[in-house]
Amino acid sequence: MNSAAFDPTATAHGRDDDVPLHTLKVLVAGGFGVGKTTLVSAVSEVRPLRTEEMLTDASVGVDDLGGVEGKTTTTVAMDFGRLTFSGGVRLYLFGTPGQERFWFMWDQIAYGAVGAIVLVDTRRLSTSFAAIDFFEQRGLPFVIAANRFEGARRYTVEEIRDALDVDPEIPVMMCDVRSREVARGVLVALVEHALQADRG
């Protein structure tokens, strides 16, 4: 992909008759309840596709609800959204399911992706290890985005980087995925990182 075609300063709410110069598939991954569905919903220019179901007694002892006891729904397949930049780049966003019992789907969802956002909950860092390992093993560029949850202790970017033990070239940033502009900024950082990795 030619980086000159990517304009991170503007977003075009794409119409169906607009033909983008480049289409890129990106993943939004991470553990259970870290905010993947919220990020896709916040930034998508079209009504996002969700595959959320209510948590039932069947998940007791199967899904780890530690730290997210108030969560009542879960993604059982994927989330999907779309974001078009005025430079002719259209991103297709795929949010992966976070529970371990659905990890078998990740390889299929990741096929053809240029990169991924790994969302992190600083109260439950261990829930992000599987996603980081997945992308490191496959050589897929990714960025770390630490979602700010109310009441959670604040950490610096370097403290998070050290705790996750990721390479220095992996971008790590703080975010509030409820904000469209913040979520969009994370996507811009991912695309720029993926472009640099491709040139490398």
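This is a predicted model: local features need pLDDT of at least 70, side-chain atom pairs count only at pLDDT 80 or more; totals for chains, interfaces and linings use all residues.
The side chain of Arg-82 makes a polar contact with the side chain of Glu-45, at 2.7 Å. Arg-82 lies in strand 4. Is Arg-82 buried or exposed? Its relative accessibility is 10%, and the cut-off for burial is under 20%, so Arg-82 counts as buried. Along the chain, Arg-82 and Leu-24 are 58 residues apart, while their C-alpha atoms are separated by 10.0 Å.

Let me now widen the view to the strand itself. Strand 4 spans residues 79–84, and because five of its six residues are buried, the strand is largely enclosed by the rest of the structure. Its partner is strand 5, residues 89–95; the two run antiparallel and are joined by six bridges. Within this pairing, Phe-80 stands opposite Phe-94 of strand 5. Strands 4 and 5 form a hairpin, with four residues between them. In that turn, Gly-88 has a positive phi of about 100 degrees.

The buried residues of helix 1 are Lys-36, Thr-37, Leu-39, Val-40, Ala-42 and Val-43.

Helix 3 covers residues 129–138, and its buried residues are Ala-131, Ile-132, Phe-134 and Phe-135. Why do these residues lie on the same side of helix 3? They cover an arc of only 160 degrees around the axis, which puts them on the same side. And what covers them? The cover includes strand 1 (22–30), helix 2 (106–110), strand 6 (115–121), strand 7 (142–147) and helix 4 (157–164). After helix 3 comes Gly-139, whose phi is positive, near 65 degrees.

With those elements in place, I can describe the chain as a whole. The chain contains five helices and eight strands. Read along the sequence, they follow the pattern β-α-β-β-β-β-α-β-α-β-α-β-α. Of the 200 residues in the chain, 50% are buried. Taking contacts between residues at least 6 apart in sequence, 74% join residues at least 24 apart. The chain exposes about 9,900 Å², and carbon and sulfur atoms supply 51% of that area.

Finally, a word on confidence. The mean pLDDT of the chain is 81, with 73% of residues reaching 70 or more. Where is confidence lowest, and where is it highest? The lowest is found in strand 3, residues 73–75, at a mean of 49, whereas the highest is in strand 7, at 97. Strand 7 is also one of the elements covering the buried residues of helix 3. Over residues 55–63, pLDDT stays under 50, and the model has 11 contacts beyond four places in sequence for that stretch.

Terms used. Residues are numbered from 1 along each chain as its sequence is written. Side-chain values use heavy atoms; hydrogens and water are left out. Buried means under 20% relative accessible area, exposed over 50%, partly exposed in between (1.4 Å probe, protein chains only). Two strands pair if DSSP finds at least two bridges between them. The arc is that of the directions from the helix axis to the C-beta atoms. Contact means heavy atoms within 4.5 Å. pLDDT is the predictor's confidence in each residue, from 0 to 100. Accessible areas come from the Shrake-Rupley method with a 1.4 Å probe; for residues, only the protein chains shown count as cover. A polar contact is a pair of N or O atoms within 3.5 Å; within protein, one must be able to donate a hydrogen and the other to accept it, and residues adjacent in sequence count only if both atoms are side-chain atoms.
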